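Here is a short briefing on one protein model. Keep the structure open as you read, and look up each part as it is named.

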Amino acid sequence: MSKHSVYYPRIRLSSGGSGVVSQAGAVLLVETVRRCGLDSAMAAALAPWRRARAVHDPGKVLLDVALAVALDGDCLADIGMLRAEPAVFGPVASDPTVSRLLDTLAAAGPRAPEGIRRARSEVRQRFWRLAGEAASDAGDEVVVDIDGVLVLAHSEKEDAAATWKKTFGHHPLLAFVDHGATGSGEPVAGLLRPGNAGSNTAADHIATARLALAQLPKKYRRGRRTLVRTDSGGGTHDFLEWLAARGRWLSYSVGMTITDAVHQAVLKVPARAWTPAVEPDGEVRPGAWVAELAGGVLKGWPSGMRLIVSQGTTSPRRAVAFDRRRRDAADLLCHQHEADTDRAAGATAPAARPGRGPHPRCP
């Protein structure tokens, strides 16, 4: 029995050559797969599901599907664009072979995806070592962003349902390693969910965080060097307690739902407490200020947690409503003779629109 290599063909570029291929942009992806060893790692992970005398290796079949998606494919049949260019992608499985393999892996339960995740984790660590100063952990820290995304469906696909935005489709929860302002992020985990899945389900955030951390080198799977960020969907007691649990001690930065207690606390922040917001590069963000809330508003949340609130330029209608609420709060303070002395002296926060200064009725 001849053993078929899982490696993709090597492409040589020449200005004087006569051969022309399509999908040449995928050569970079193919070379990345080869250099970091993802093809051999996938072949080893899926070896239990390779049948005797099989022509196509299961690892390469899945990599071909991933390449087809990267080339703007949206269904399994789009793997045909790779099949048309054997000089670039090598032997590509037929549509029935691809479908049979996916059915086989689905019937295997969690073993197949666990093997794929282990292979990705091992290769990711190797890739980061090769990347050196351009690696995702070059600063000896890793930032993991978790967020949900709506994927629309135009037919009754599996788990497709009505979404909270009154559309129809799926609502997966995805995790990316942040690459900073100059990068697009590195996908590390994804939790498939129906379209009607909640945005702030703590169990789903924990499951996605577990999958994401398993993709990182061991030294980043716990400790302050790993920062987990989410929007307000992750601002739940259960998820934050899981992140901050003893032995895990992860850093986190999450959005928070503005409860009535938080709202009232914001209205009572004195003008002198608002500080100009600063971008990650150190530049001041025009028209934006931040302040820190403390006291009873953090009761019940993990110890050591800080709550930072911000205000900035917004629509005129919302700005008027916000300023009206601030004036009402200032009236209450004045009536209780608790007006801040700095406000009485005329101190004001940086004004991007009328009404951000002290309430005119305060003495």
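**A covered helix**

Among the elements that cover the buried residues of helix α2 are α1 (27-36), α3 (58-70) and α7 (111-131). This is a predicted model. Start with α2, then step back to the whole protein.

**Helix α2**

- How many of the 8 residues of helix α2 are buried? The count is 6, so the helix (residues 38-45) is largely enclosed by the rest of the structure.
- The buried residues are Leu 38, Asp 39, Ala 41, Met 42, Ala 43 and Ala 45.

**The whole protein**

- The protein has 12 helices and 11 strands.
- It has 363 residues, and 39% of them are buried.
- Take the contacts with a separation of 6 or more: residues 24 or more positions apart account for 60% of them.
- The accessible surface is about 21400 Å². Carbon and sulfur atoms hold 54% of that surface.

**A three-stranded sheet**

- An open sheet is built from 3 strands, in the order β2-β4-β3. The pairing is antiparallel.
- Which strands stand at the edges? They are β2 (151-152) and β3 (161-162). Each has a single partner strand, so one side of each is left without a neighbour in the sheet.
- Strand β4 (residues 168-170) pairs with β3 over 2 bridges, in the antiparallel sense.
- Look for Ala 161: its bridge partner in β4 is Gly 169.

**Val 144 in strand β1**

- Val 144 sits in strand β1, which covers residues 142-148.
- Is Val 144 buried or exposed? Its relative accessible area is 2%, and buried means under 20%, so Val 144 is buried.
- Leave out residues up to four places away in sequence, and Val 144 still touches others, including Ala 175, Phe 176, Ala 212, Leu 216 and Thr 226.
- Val 177 is also one of the residues that Val 144 touches. The two are 33 residues apart along the chain, yet 4.5 Å separates their C-alpha atoms.

**Confidence**

- The mean pLDDT of the protein is 83. A value of 70 or more is reached by 82% of the residues.
- Where is confidence highest, and where is it lowest? It is highest in helix α8 (residues 202-214), at a mean of 97, and lowest in helix α12 (residues 341-344), at 38.
- Residues 1-5 have pLDDT below 50. Beyond near neighbours in sequence, this stretch has 3 contacts in the model.
- Residues 326-363 also have pLDDT below 50. This stretch has 56 contacts in the model beyond near neighbours in sequence.

Methods. Residues are numbered from 1 along each chain as its sequence is written. This is a predicted model: local features need pLDDT of at least 70, side-chain atom pairs count only at pLDDT 80 or more; totals for chains, interfaces and linings use all residues. Side-chain values use heavy atoms; hydrogens and water are left out. Buried means under 20% relative accessible area, exposed over 50%, partly exposed in between (1.4 Å probe, protein chains only). Helices (H or I, at least four residues) and strands (E, at least two) are DSSP runs, numbered from the N terminus. Contact means heavy atoms within 4.5 Å. Accessible areas come from the Shrake-Rupley method with a 1.4 Å probe; for residues, only the protein chains shown count as cover. Two strands pair if DSSP finds at least two bridges between them. pLDDT is the predictor's confidence in each residue, from 0 to 100.
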